[in-house]
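Student: I have a model open and want to work through it. Can we go question by question?

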Amino acid sequence: MTAALACAGLSKAYGDLAAVQDVGFEIEPGESYGLLGPNGAGKSTTISMLVGLLRPDSGKVLIDGKDFAADPIAAKSKIGYVPQEVALYPDLTARENLRYFGRLYGLPRKALAARIGEVLDLVSLTDRADDKVSTYSGGMKRRINIGAALLHRPAVLFLDEPTVGVDPQSRMAILNGVEELVAGGMGLVYTSHYIEEVERLCKRVGIIDHGKLIAEGTPKELVSLIGGDDRVELTLDTDDIEVALKLLLAVEGVTEGVQAGAGEVRLIVDGGRSLLPALLAAVRDVAAVTAVRIAEPDLEAAFLFLTGSTLRD
Ligand SMILES: Nc1ncnc2c1ncn2[C@@H]1O[C@H](COP(=O)(O)OP(=O)(O)OP(=O)(O)O)[C@@H](O)[C@H]1O
């Protein structure tokens, strides 16, 4: 079977900064791949190279078997890419916008009319199809933007943070629509800071840190990398959370720890609740612990373990 997407040895430097180094992975048709990484890890640079917006310094990208370097037009015609910024004509209706983009793709008029109907259904906007886009909410605009990227039935869809700033109803419509498309055989590359979305949608996840793909696997496989370690979250009342975090990291059995918002620290600990007395004792002189939460290992804990940072920092 031809991979929906295959890339290998992708690298890109900005001056002395190696933004992406030797990244490679494959996605089968009907497979969803989540790309996770801390801020500045190299996700956007990787995606820009995969969709042909940025020329790699080295490496190869094949979309449904078409080599980007040898035949960029064929490769591009198999890609659906939804940028973060909405690119629509506000004075046109959703249907008119889709018609415009469909003509740009060169879709024949008759087939396009039917395809627009299908796409409107997929993004759950059939009932608003003939209203001007200027009357839409931000989430509805995002949905039409996704719809525009689907008109030509791409082999791979790239969604970069599609649910940022989107209302819950649109978020649900986006996630459901994407699931349906993947079930229908489309490949998906998905980035999000919402780990629960990645857990729900993505069969495999790649974790990028400092420009390198440092781990890859199903969410379950990634979680198993951290062994039986638990995640402990402490809410502290303190003037100096950094000092408190340092003291906690010095406790034997604490393998990772980060500050996660005002007065909150997240730790990966070997031994779970049995370590609690030692944790509380460690910060007794500098902080009052106002809440404690112990959670089983999950994808977020795996991410923290592997990168030493939280996804939303
Ligand atoms: N055009 C550019 N010129 C110089 N440096 C850049 C450029 N674009 C990105 N970088 C740098 O390359 C690194 C990777 O950036 P990139 O945007 O790919 O990260 P990211 O994982 O998408 O981050 P975020 O989650 O914050 O969007 C960062 O250090 C960034 O500052």
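Tutor: In α1, the buried residues are K43, T45, T46, S48, M49 and L50. Keep in mind that this is a predicted model.

Student: Which residue just after α1 takes a positive phi?

Tutor: Look just past the end of the helix, where phi is about 85 degrees. The residue with that positive phi is G52.

Student: Which element gives the largest share of the shell around the ligand?

Tutor: The ligand is surrounded by Y14, L17, A19, G37, N39, G40, A41, G42, K43, S44 and T45. Two elements give two or more residues each, β2 (17-27) and α1 (43-50). The largest share is 3 residues, and it comes from α1.

Student: By class, how many residues of the shell around the ligand are charged?

Tutor: Sort the shell by class. It has 4 nonpolar and 6 polar residues. The charged count is 1.

Student: Why is β3 largely enclosed by the rest of the structure?

Tutor: Side chains in a regular strand alternate between the two faces of the sheet. In β3, S32, G34 and L36 are buried on one side, and Y33 and L35 are buried on the other. The strand, residues 32-36, is largely enclosed because its buried residues number 5 of the 5.

Student: Which residue in β9 stands opposite L36?

Tutor: β3 pairs in the parallel sense with β8 (residues 187-191) over 4 bridges. There, L35 stands opposite T191. β3 also pairs in the parallel sense with β9 (residues 204-209), over 4 bridges. In β9, the residue opposite L36 is I207.

Student: Which residues does F158 touch, not counting residues up to four places away in sequence?

Tutor: Contact here means C-beta atoms within 7 Å. With sequence neighbours up to four places away left out, F158 touches I47, L50, V51, I79, G80, Y81, V82 and V189.

Student: Which domain does UniProt list for residues 5-235?

Tutor: Over that range the chain is 35% helix and 29% strand, and the end C-alpha atoms are 43 Å apart. The unreviewed UniProt entry gives the domain as ABC transporter.

Note on methods: Residues are numbered from 1 along each chain as its sequence is written. This is a predicted model: local features need pLDDT of at least 70, side-chain atom pairs count only at pLDDT 80 or more; totals for chains, interfaces and linings use all residues. UniProt positions are given in the numbering used here, feature names are shortened, and annotations may be inferred rather than shown by experiment. A residue is near a molecule or strand if its C-beta atom, placed from the backbone, lies within 6 Å of it. Ala, Val, Leu, Ile, Met, Phe, Trp, Tyr, Cys and Pro count as nonpolar, Asp, Glu, Lys and Arg as charged, and the others, Gly among them, as polar. Two residues are in contact if their C-beta atoms, placed from the backbone, lie within 7 Å. A residue is buried if 20 or more other C-beta atoms lie within 10 Å of its own, exposed if 12 or fewer, and partly exposed in between; C-beta atoms are placed from the backbone. Two strands pair if DSSP finds at least two bridges between them.
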